[in-house]
Amino acid sequence: MCTIGTVFDGENIHTFKQCDLIPETKFNEPVKRKGFNQVDSYIAMTREGSDGVWAGVNDAGVAFVAADSYSATAANYAVSSKESKALFRVYETCISSYASARDAAKSLINFYKTMGGSTPFPAPDISLISGWSDAEKTQAISIFIEYMPNPYNQDSIRTIERSNGFFVSTNHFRLQPNAVNYPANHSTYLRLNRAETILQSDCSKDGIESLLRDQYYGQTELSICRETDYIGTEFRTQATALFTVTKHKEPKEPKKPVCDYQINGNPKNNDLRNKNL
C-alpha cells in the first residue's frame with residue numbers, strides 16, 4: 001500500500017511515491033539507464049525480486065509512480081508471476097521510451113486492456129504519470145489512471161488529468177466501482193484525507209516532504225509515514241521517491257530532473273538523498 005501524487009509548483013512538477021510493504025524488502029540504489037526513442041536516459045528505482053521499476057523519471061521530464069488498488073472483491077483477482085513481471089516491465093517502458101506523459105499513459109492503458117495481445121490484465125491497478133503533454137514541454141500535466149477489469153459493463157479505464165494544484169492518491173478507487181470500503185481498510189481513507197489536508201495548506205515541495213514524514217496517527221500503519229512493531233504482519237514504509245522536473249526556459253540550458261529518495265527505511269528516520277540524471 002502506498003501514497004502517490006503530483007504537485008504543480010510554479011515552473012516545477014513534483015511527483016512522489018511513499019512505498020509501503022509488509023514483507024521485509026531490499027530496495028536498490030537508483031540507477032541511470034540508457035533510454036530509447038526520444039529518451040536519452042532515465043532513473044530507475046528497483047527492488048530485489050521484482051522486474052522493472054516501482055518508480056522513475058526520464059530526461060524528457062516524464063515521471064511514473066503506481067499504487068496497489070484494494071477492492072471490495074480483492075480475493076477474486078489473481079495475477080501470475082508472468083503477468084506481474086510484464087506489468088512492471090511496462091511501468092519501466094513508460095519512462096524508458098516516452099518523452100510525453102500522454103504517450104506514456106496511452107502505452108500503459110493499452111497494456112491494461114490487452115497485455116500486448118487480446119487478454120486484459122487480470123487485476124485492478126492505480127498509476128500516475130506526469131510530465132509534459134506537448135513536444136515543446138510547456139504544458140504540464142499529470143494523468144491519474146484507475147484500471148478495473150470487468151467493471152460491471154463500465155469502462156475499464158478511468159482517468160483524472162491535472163495541470164495545476166495537486167493530486168494525491170492512496171489505495172482505493174474514487175472513479176471505478178467496487179472500491180474497498182472504510183471498515184475493511186480504513187488506513188487508505190485516513191492517509192488520503194491527511195495527505196490532502198497537508199497539500200491544501202502547503203502545495204509545494206516542502207509540503208510534500210512534510211506529507212512524507214507525517215505520523216499524525218502515530219508510529220502505526222495508519223499514518224502516511226508508516227511504522228509498526230509487527231514486522232511481517234503490518235505495512236510499513238520502506239522506500240520513498242520524489243521527482244522534480246522543471247519547465248525548459250530558452251536560451252538557458254534545460255534543468256535535468258532531480259530524484260530525492262530514501263531506501264530501506266522511512267523519511268522520518270532516513271533523510272532523503274539526491275540523485276540527478
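**View 1. Surroundings of M45 in the predicted model.** Once its neighbours within four places in sequence are left aside, M45 is in contact with P30, G52, V53, W54, A55, G56, T240, A241, F243, C259 and Y261. The structure shown here and in the views that follow is a predicted model, and its protein chain averages a pLDDT of 92, with 96% of the residues scoring at least 70.

**View 2. The nonpolar cores.** The largest nonpolar core holds 32 residues, of which C19, F27, M45, W54, A55 and F243 touch the most other members. Strand 11 supplies the largest share of this core, namely four residues. Apart from it there is a second, separate core of 28 residues, whose members include Y42, Y91, I95 and I157.

**View 3. Strand 2 and its two pairings.** On one side of the account stands strand 1, which runs antiparallel to strand 2 and is joined to it by eight bridges; within this pairing, T6 has T15 of strand 2 as its bridge partner. The hairpin that these two strands form has two residues between the strands, and in this hairpin G10 takes a positive phi near 65°. Strand 2 is also joined by ten bridges to strand 11 (residues 236-246), again in an antiparallel arrangement, and here D20 stands opposite T237 of strand 11. Strand 2 is mostly covered, since nine of its ten residues are buried.

**View 4. Helix 3 and what covers it.** Helix 3, made up of the 16 residues 186-201, reaches 23 Å from its first C-alpha to its last, which is close to the 22 Å expected at 1.5 Å a residue. Its buried residues are S187, T188, L190, R191, L192, A195, I198 and L199. The elements that cover these buried residues include strand 1 (2-9), strand 2 (12-21), strand 10 (166-169) and helix 4 (205-213). Helix 4 is also where confidence in the protein chain is highest, at 98, whereas it is lowest in strand 13 (residues 273-276), at a mean of 90.

**View 5. Two asparagines with positive phi.** N178, although it is not a glycine, has a positive phi of about 75°, and this residue is found in the loop between strand 10 and helix 3. N264 is likewise not a glycine and has a positive phi of about 60°; its place is in the loop between strand 12 (258-263) and strand 13. Because its relative accessibility is 42%, N264 counts as partly exposed.

Methods. Residues numbered from 1 in each chain as written. Predicted model: local features only at pLDDT ≥ 70, side-chain atom pairs only at ≥ 80, totals over all residues. Heavy atoms only, no water. Expected span 1.5 Å × (residues − 1). Buried < 20%, exposed > 50% of the residue type's maximum accessible area, 1.4 Å probe, protein only. Contact = heavy atoms within 4.5 Å. Pairing = 2+ DSSP bridges. pLDDT = per-residue confidence, 0-100. Core = buried A, V, L, I, M, F, W, Y, C linked by side-chain atoms within 4.5 Å.
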